[in-house]
2 protein chains.
Amino acid sequence: MATTNRSTLGAHIPQVTARAKVLGRAVYAGDIKVAGMLHGKVLRSPYPHARIVSIDTSEALALPGVKAVVTGMDTPRAMWGVHRKERRILAEGVVRFAGEEVAAVAATTEEIARDALDLIRVEYEELPAILTPDEALDEEAPGVHPGRDNVAHEIRFERGDVEAGFASAHVVHEATYETHAQYPGYLEPMGTVASIDPEGRLVVWTSTQSVTQARLRLAAALERPVSSIRVRQATTGGGFGGKLVEDANNLVAGLLAVKTGRPVRVVNNRLEDFQAACSSVPERITLRLGMDRDGLIVAKDVRIVAECGAYCGLASEVMHVSAMRSDNMHRNPNVRSHATLVYTHTPPHGAFRGFGGTQMLFALNSHIHTMAGMLGLDPVDIHKRNAIGQGEVSVHGWQIGSTGLVECIDQATEAIGWQAKRAAARSSTGPKRRGIGMAAAMHVSGNRTIGNWDGSTVVVKINEDGRVFIQSGECDMGQGAMTMLSQVVAHELDLPLAHVHVLPPDTDTSPIAIGSLASRVTIAGGNAAIVAARMARDKLFALASRQWSVPVEQLRIGDGAVFLADAPDRRATIAELARLHVWRDGGEGIQVSGSWDAKTVMHDDKVYGNIAPAYSFAAQAVEVEVDTETGQVTVLDSYVADDCGKALNPVAIHGQTNGATVQAFGWALYEQMQLDGGRLMNGNFADYTMPTADAVPMLRGGFVESNDPNGPYGAKGASETAILPGAPAIANAVFDAVGVRITALPITPEKVLAALRARREQEKRDA
Amino acid sequence: MATTNRSTLGAHIPQVTARAKVLGRAVYAGDIKVAGMLHGKVLRSPYPHARIVSIDTSEALALPGVKAVVTGMDTPRAMWGVHRKERRILAEGVVRFAGEEVAAVAATTEEIARDALDLIRVEYEELPAILTPDEALDEEAPGVHPGRDNVAHEIRFERGDVEAGFASAHVVHEATYETHAQYPGYLEPMGTVASIDPEGRLVVWTSTQSVTQARLRLAAALERPVSSIRVRQATTGGGFGGKLVEDANNLVAGLLAVKTGRPVRVVNNRLEDFQAACSSVPERITLRLGMDRDGLIVAKDVRIVAECGAYCGLASEVMHVSAMRSDNMHRNPNVRSHATLVYTHTPPHGAFRGFGGTQMLFALNSHIHTMAGMLGLDPVDIHKRNAIGQGEVSVHGWQIGSTGLVECIDQATEAIGWQAKRAAARSSTGPKRRGIGMAAAMHVSGNRTIGNWDGSTVVVKINEDGRVFIQSGECDMGQGAMTMLSQVVAHELDLPLAHVHVLPPDTDTSPIAIGSLASRVTIAGGNAAIVAARMARDKLFALASRQWSVPVEQLRIGDGAVFLADAPDRRATIAELARLHVWRDGGEGIQVSGSWDAKTVMHDDKVYGNIAPAYSFAAQAVEVEVDTETGQVTVLDSYVADDCGKALNPVAIHGQTNGATVQAFGWALYEQMQLDGGRLMNGNFADYTMPTADAVPMLRGGFVESNDPNGPYGAKGASETAILPGAPAIANAVFDAVGVRITALPITPEKVLAALRARREQEKRDA
């Protein structure tokens, strides 16, 4: 409909939030200063499992500057939790992991609050702790939660005829893979300022991925009506799943504000954030695949033992994704899963970028490479042979509206020089060996799992100067939601990007939104923005049509004006029409609300049917160098091909892809949460080794624009898919380089050396 | 539609803002503290007319703590003003009144800012000042504004045959009345906090009667796009017209924020507020009325000379009201007006509660009493005989949908004991004489004068707990707009008042609204709230209808639930339906926008036609005691009968009526802005004597519920009409007590004594 070419769709543009961020003007929760503000700090359990015998807060309360000390006795009786309501804001009676919130202090300075923590006397009776899933699943093991066994969640399904599939297979291979927990590692730790407004409502300004869900959870945990709480999103410096619904940071801040009646800021330092955040779900995956002679997968059987830690949170959903999502990437009709989520007395695990896909895709991609070797095939051919096609319906009923999987595989492997380098690697000599590997992945764009709605609502308001405000409750956590919404509305109304402005999410004034999860914002929010922008345009057209007595069909919008298709000089600027819309008989401002919901289904216990409006695909190829003397793996080159449907803002997607790639490198090679007796030993960035610039090569990548029929202008989610193939691509490259298969992440030098030693010993024994 | 009886409509209820206010929690502009906030102060001209030769700000800038000093040279070139764009934020070149803004300072404390003002060296060349309308209208007088004469605005109209009317009259009387300027006298002086947000937008949090108009004016004066400005209403402690569109307070704050890039608070102290505020428009009214033998008015001729001071502002609109509004109260078809608004070098005048009605109704009611004496009639009878009736169309085309004027007159005069006391007063002796007087008045409820829209838009949002948020841009300045909106929506949805919450006006998120003026909020905002609430209810009904497969017609709402009329046990709470509305396939939050616009006309130069959807009427009767030795007038009793259509909240309307009555007493008897050589001499509450409790008797009053067909539940505006009859009722009572007619307000002891002396001398001469 737009007629000039000012649209930024598909152009490399800076994020609309960039200027405020690089100038240091963006207001993160930790930047907020409110008159009379107190500072909150949390006392955490040093024991993985203990009875709280007594808590004496008198000394802490007596410290000058301390305004409140709260314990489990002072908190509402309500339990919170995403599915299972089993957690209190502050523990009462029992602590179930080292780091669990036991007490909180509000004081006039952060230092006093910290000092006050030292003055709280907690008498614990230490109890035996269950620290591994195997201990937890022992029939004799006591329940982490009283009166229940330690299985938090269990999934079983079978489709097709798995045994017949295996029987028909040319080769069947089974192996067990172990994946570990990754800390989200956002630059900005969790932070919240909570206060009581003049009407007594609780106002919570927080770093979050979903204001709507934060409000629901605050209401539940604090036992207050939803409407008595206002949640505003502060500028959010990364989330990666960790700021979705599982942290207690804003609950503690809310509790302290309610108790003191004053504004309270609670900002985690890095150690606190390590202790408070949910890390990703560790899974032990036993995978059995059957393939025919050509590498076609004919049967899959998977057993998963996943660990949620002390509280279930979203880990059950994560495990669900591990159990079934990657099945939909292939044509194999025979699949069986048995997945068990287990409680232990360890810090909780939950949502993390990739959301269960990373775990299973590490196993699956490793397995395919291994079986390619067994069959004497190129794994690339196996991937492409099995890849589901556009228009096909997967084993679980997922409708593949678009897929660029094969193109992604081709693009990535060609970029890395697959054919030439595979040959070269095999013939390399010396202590440093090079190898290449690849992996393929799929992800959802949206996911109908919350209530029975996976849509979004966007409000578009045209001001009297012709500029536009956009209101959405979908949160920008750095991924670019605000930029995407701006681009869409600016495109539809053919306005410069600077003339549209996205207001930050605020539960009082924004439409209800599910939030930034499951790569849903571009598809759901973007489509809603199209709907709303067109409604606003129609209001302009209706007015112009009436003013000029011409049919709406003859009107066009472009260059900041509405004009007649046949007589472009007959025009009125959007500003003029917006003013006229208000200041006329029967007037009102142009403010419209557009909603869009995916045509998908919510799973019942059959877990069958199309849950997402679109599916993203990616492939990655890497080249590594393995130092056989030290075991060190270095990534020399990496190329990610991302099927994001349509790259609305290529530079933003490259940023997401590169960030995901590096996060995958960290998971694959470096990062590991070290627990000793249930206690985290490396909760800081010196000891928890995220990849730094020297560990990352110049990252390369490209898009495959598969143009999804449900996507806004064809676009699909583009923030998560790229994290999925990194770890298995590296594992496969390590195997390619030195012939050892590391099945337990991370691929540390110690494991590589041990594997090389074991292989040499095996070779000796074989010789 | 509501079926239970929890509605507060018509009940005495506290304002929804009361709790926050009495607990000291309400946040007025002066309460706002923002990190890094500066304090602004304004340097004002000491001369009524002078050339600014030079301004040296170097010393002020050098004072530690001073962050900016701005003068007319630093401000945008744009002129601002309501109709005539003729004012700068800070004067450049010339000052035109004593008190005009010349420079402004932003400093780290208010004290430093004040000290810095003393260090600004302004060299003025004083110029001859025009201080009275008569001087201004002298043909030789130079123009207050260069290149123009001193007539800011002129109105002339005639309808019917005025000369024929006078020719047919039994008695014709002409007199001249003088009315003076009244300072709005709100408890909270003007205050603003302005800041630049992370995106560079200007955020202005201010005490105002209209956020929409404040934003438009800021945009014009600061030469910024409307969308780059966000105006939020702080809790507002009274406005009375003074916080509508004519003060520079938020412009100065905005300018200093732009200049410094930091938050700046500018809160007037009382003297500054006296200097900065527009006071009401002084008018000299020469009124000529012809009446037939029975007191029926057959012709009216009026000449008005009104003074706007140095800048026109809204004074032209005020004078317009004086010139014609009261004509519509009577059946007289022959009216002529000639009104002239004049510039002088004095502080500007403008909007004030009653908006021109007070001035003309003082003259008219005084005149009717005098002529009643000439005809030997009771003025009450003259008022009732002339009163326009329901369903009639006035001389100016106003359609009287409802009127309780005659009932108001009866109620007020009966309450005061008219018949008995009139007789008694005439026979009283001794130095203290008692007398009674009455007056009648009309006012608009809404007024189509801005653009061509006099409507309102209300957003209603039903949250997942069944509680409701209301968004409106109409400002509560203390008159109770938020309470009224809450009552309407709670009534429509049959919810407890505590379950609805009005969000404060904010141009970013509220619908566009004209604001609190012309007694328009109850009729426009109230009707829009009904529309929006019913739209929200229809969404609940549509959902229940679909869920239960029943026709919408069978559904009822009541007691927080939707249920079947025939089977009330078949029910779902509003909360359940609201949640279902979101969390279903195709879901979204219930958030609707309802608009209502009056079926009225915008005047062209014929100034004919129905400008308001409804008209309010009032009558007041007072008893006074006049001390003939001191001239002191004491009001002993007062009764105001108010035709507000329907008293939605009687206690709130009583509060408004009583406040208006006291403000009228102040204007009639005590308050006077004392200028000496153009300079205000009494800009404080010690010397500017507003009535205090000892000057006010127990105020009495009652309603006449005329049930207007256009009003929400019959209601009309109820905040302004009651100020109109006070002054003439007192003047008439003084005449009744001691036989002297004071035609120039205020009725000071000096004037009474002088009049008594003059009468005695006249009597001596006559004897």
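In this predicted model, helix α11 of chain B passes helix α12 of chain B in a left-handed crossing. Helix α11(B) covers residues 379–386 and helix α12(B) covers residues 405–416. Their axes come within 9 Å and cross at roughly 165 degrees. Angles over 145 degrees count as roughly antiparallel, and α11(B) and α12(B) are therefore roughly antiparallel to each other.

On the α11(B) side, the contact is made by Val380(B), His383(B) and Lys384(B). On the α12(B) side, Val406(B), Ile409(B), Asp410(B) and Thr413(B) take part. Sorted by class, this contact of α11(B) with α12(B) has 3 nonpolar, 2 polar and 2 charged residues.

Helix α6(B) contributes Ala214(B), Arg217(B), Leu218(B), Ala221(B) and Leu222(B) to the contact. From α7(B), the residues that meet them are Asn250(B), Leu251(B), Gly254(B) and Leu255(B). By class, the contact of α6(B) with α7(B) has 6 nonpolar, 2 polar and 1 charged residues.

The table sets out the geometry of the two pairs.

| Helix pair | Angle between axes | Axis separation |
|---|---|---|
| α11(B) and α12(B) | roughly 165 degrees | within 9 Å |

The next topic is salt bridges. A search of the whole structure finds 78 salt bridges over all chains. One of the salt bridges joins the side chains of Glu101(A) and Arg44(A), at 3.2 Å from N to O. Glu101(A) lies in strand β5 of chain A, residues 101–107, while Arg44(A) lies in strand β1 of chain A, residues 38–44, so the pair ties together parts that are 57 residues apart in sequence.

The last topic is how the chains are arranged. Chain B is superposed on chain A by a rotation of 180 degrees with 0.0 Å of shift along the axis, and the RMSD is 0.0 Å. That is the relation of a two-fold axis. Of the interface residues of chain B, 100% are also interface residues in chain A, so the copies meet through the same surface.

Methods. Residues are numbered from 1 along each chain as its sequence is written. Chains are lettered from A and ligands numbered from 1 in the order in which they are written. This is a predicted model: local features need pLDDT of at least 70, side-chain atom pairs count only at pLDDT 80 or more; totals for chains, interfaces and linings use all residues. Side-chain values use heavy atoms; hydrogens and water are left out. Copies are superposed by least squares on the C-alpha atoms of residues with pLDDT of at least 70 in both. Contact means heavy atoms within 4.5 Å. Helices (H or I, at least four residues) and strands (E, at least two) are DSSP runs, numbered from the N terminus. Ala, Val, Leu, Ile, Met, Phe, Trp, Tyr, Cys and Pro count as nonpolar, Asp, Glu, Lys and Arg as charged, and the others, Gly among them, as polar. A salt bridge is a side-chain nitrogen of Lys or Arg within 4 Å of a carboxyl oxygen of Asp or Glu. Axes are lines fitted to C-alpha atoms, for helices over the stretch in contact, and angles run from 0 to 180 degrees between N-to-C directions. Angles under 35 degrees count as roughly parallel, over 145 as roughly antiparallel, 65 to 115 as roughly perpendicular and the rest as oblique. A crossing is left-handed if the near helix is turned anticlockwise from the far one by less than a right angle, and right-handed if clockwise.
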